[in-house]
Amino acid sequence: MRLGLVSALQQEQTGLIDLMAHPARMHSGMREYTLGEIEGLECVCVLSRIGKVAAAATATTLIERFGVTHLVFTGVAGSGDAAAKVGDIVVGSQLLQHDVDASPLFPRFEIPLIGKSRFAADALLTGELVQAAQTFLEQDFHHLVPEAERQRFRLHQPALHAGLIGSGDEFITEAAKIRQLKAALPDLLAVEMEGAAVAQVCHEFGIGFAVLRTISDAADEAAPVGFTEFIDAVAARYAFGIMRRFCRQ
Ligand code: ADE
């Protein structure tokens, strides 16, 4: 197994590369790929930058050039459901590109000529990610996330959810937009900008993938401030804690 470990931004991956034994850096397509072992597991870490094209290019390079056999994307997301609160973790059981609409040629959300709108995450990988996230919340959360940050973001006992994650090339800052999406996708839990692009690439190459997101904001009018503060103060602590647990398993 060789795991590709992708986040969009530096703040979502801080600390993970420091866990790597014998890290080797390589460059391709304006990105730095770090190869090494985390807790004995062969990994390739990379930052994709933001958006579906960036994520798809990164996933393709990981598969074609670096030979990853599995891929995990971690980062933050806006909430797509009242039950998913800031600080909660959402693991994607299905990924969908909420900005794809080639109707009337194809149904809304369907990826033309692939014949599907929802890409299922790898059940085994996702199960292991859920396990790692659960252990993180139970055993690591309180000492990895300092009390000052827990109070500032009102992170009391974060919950873990599994379900539909929607991706699109849009940072959502309107509650009305989420209401519109929910009307078409009632089971939507979180919105972000990369996961479903990685899911499509992995589907096309027959590679198992999983996506884990920490809710940083409510995807409403307050999202820009909420996102920026959360990503700087908290996001990396989740990613580090959860992926360390995951690689150990
Ligand atoms: N990632 C984190 N917050 C987001 C939002 N509000 N919209 C899209 N992607 C996000």
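## Packing of helices H2 and H7

The axes of helix H2 (residues 123-144) and helix H7 come within 8 Å and cross at roughly 125°. Axes here are lines fitted to C-alpha atoms over the stretch in contact, with angles from 0 to 180 degrees between N-to-C directions. H2 and H7 are therefore oblique to each other, a class for angles that are not under 35 degrees (roughly parallel), over 145 (roughly antiparallel) or 65 to 115 (roughly perpendicular). Helices are DSSP runs (H or I) of at least four residues, and strands (E) of at least two, numbered from the N terminus.

On the H2 side, the residues making the contact include Leu-129, Ala-133 and Phe-136, and on the H7 side they include Gly-241, Ile-242 and Phe-246. Contact requires C-beta atoms, placed from the backbone, within 7 Å.

## Basis of the model

The structure is a predicted model, in which local features need pLDDT of at least 70 and side-chain atom pairs 80 or more, while totals for chains, interfaces and linings use all residues. Residues are numbered from 1 along each chain as its sequence is written.

## Nonpolar core

The largest nonpolar core has 80 residues, and Leu-71 and Val-198 touch the most other members. Helix H7 (residues 235-248) gives this core its largest share, nine residues. Such a core joins buried Ala, Val, Leu, Ile, Met, Phe, Trp, Tyr and Cys residues through C-beta atoms within 7 Å.

## Loop residues

Met-30, in the loop between strands S2 (20-28) and S3 (31-38), has a positive phi near 65°. Met-30 counts as exposed because it has 8 C-beta neighbours inside 10 Å; the limits are 12 or fewer for exposed, 20 or more for buried, and partly exposed in between.

Terms used. Contact = placed C-beta atoms within 7 Å.
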